[in-house]
Amino acid sequence: MEFSMNSKESAKANDLGAIVVLIGKIGQYMACFEKNIKVGLPKQMFIKESSQDFSYKNIRAVGRQDAGMISPGWLTLDSGGGIKEGISVDTPGTVIFNKKGDKLSREMQSFIEEKISEFSNDSQKEKVIQESSTADELKKFADLKEQGIITEEEFNTKKKELLGL
């Protein structure tokens, strides 16, 4: 996917090893990587450097608003608790940008939503594999019990262990 990053955003992406970076107001940035997103604020006069990492598998939704004539736009990640009404520079998982960030923020929203879907599908596959392997294990121990190789008590102990009871 091609992104419409400006030269400063491209340089930051190269610096961080990110796929895409959106730089917002006061240098705040959102950087997308293969497995996670980093939202950060570089060190400035009275502000110390800070950043937060968000795994795609833990992100529930992506909120976005275009910038208006006066009001800024924003791109925010919901990792629980919903999209906040009053978005500000210190809202976790959020970058605030001006009108120039509208196009890139839309591209990033699409990219992030694809990644969320991809990781969600991977998680569902893992769950199915885990459930089938648990069922397979239970069947194996039931067969051992039927053959008299293990006792009823040993089978019940293993069953509780496998089912997490």
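Buried means under 20% relative accessible area, exposed over 50%, and partly exposed in between (1.4 Å probe, protein chains only). The model is predicted: local features need pLDDT of at least 70, side-chain atom pairs count only at pLDDT 80 or more, and totals for chains, interfaces and linings use all residues. Residues are numbered from 1 along each chain as its sequence is written, and side-chain values use heavy atoms, without hydrogens and water.

**View A. Phe46 in its loop.** Phe46 is exposed, at 79% relative accessible area. The loop that holds Phe46 runs between β3 (36-41) and β4 (50-55). Strands (E, at least two residues) and helices (H or I, at least four) are DSSP runs, numbered from the N terminus.

**View B. Ile26 and its backbone.** Ile26 sits in the loop between β1 and β2 (29-32). Its phi is near 45°, a positive value in a residue other than glycine. Ile26 counts as partly exposed because its relative accessibility is 44%.

**View C. A nonpolar surface patch.** Ile26, Met45, Phe46 and Ile47 make a nonpolar patch of about 500 Å². Patch residues have over 30% relative accessible area and no salt bridge; nonpolar side chains (Val, Leu, Ile, Met, Phe, Trp, Tyr) are joined within 5 Å, like charges within 9 Å. A salt bridge puts a side-chain nitrogen of Lys or Arg within 4 Å of a carboxyl oxygen of Asp or Glu. Areas come from the Shrake-Rupley method with a 1.4 Å probe.

**View D. The largest pocket.** The largest pocket has a volume of about 220 Å³. Of its 14 lining residues, Asn6, Glu9, Ile23, Asn98 and Lys100 are the closest to the centre. α1 (7-16) and β1 (20-23) each supply at least two lining residues. A pocket is an open set of points on a 1 Å grid over the protein atoms alone, where a 1.4 Å probe fits, with protein on both sides within 12 Å along at least five of seven lines; lining residues have an atom within 4 Å of a point.

Notes:
Points joined across faces, edges and corners; volume = space filled by probe spheres on them.
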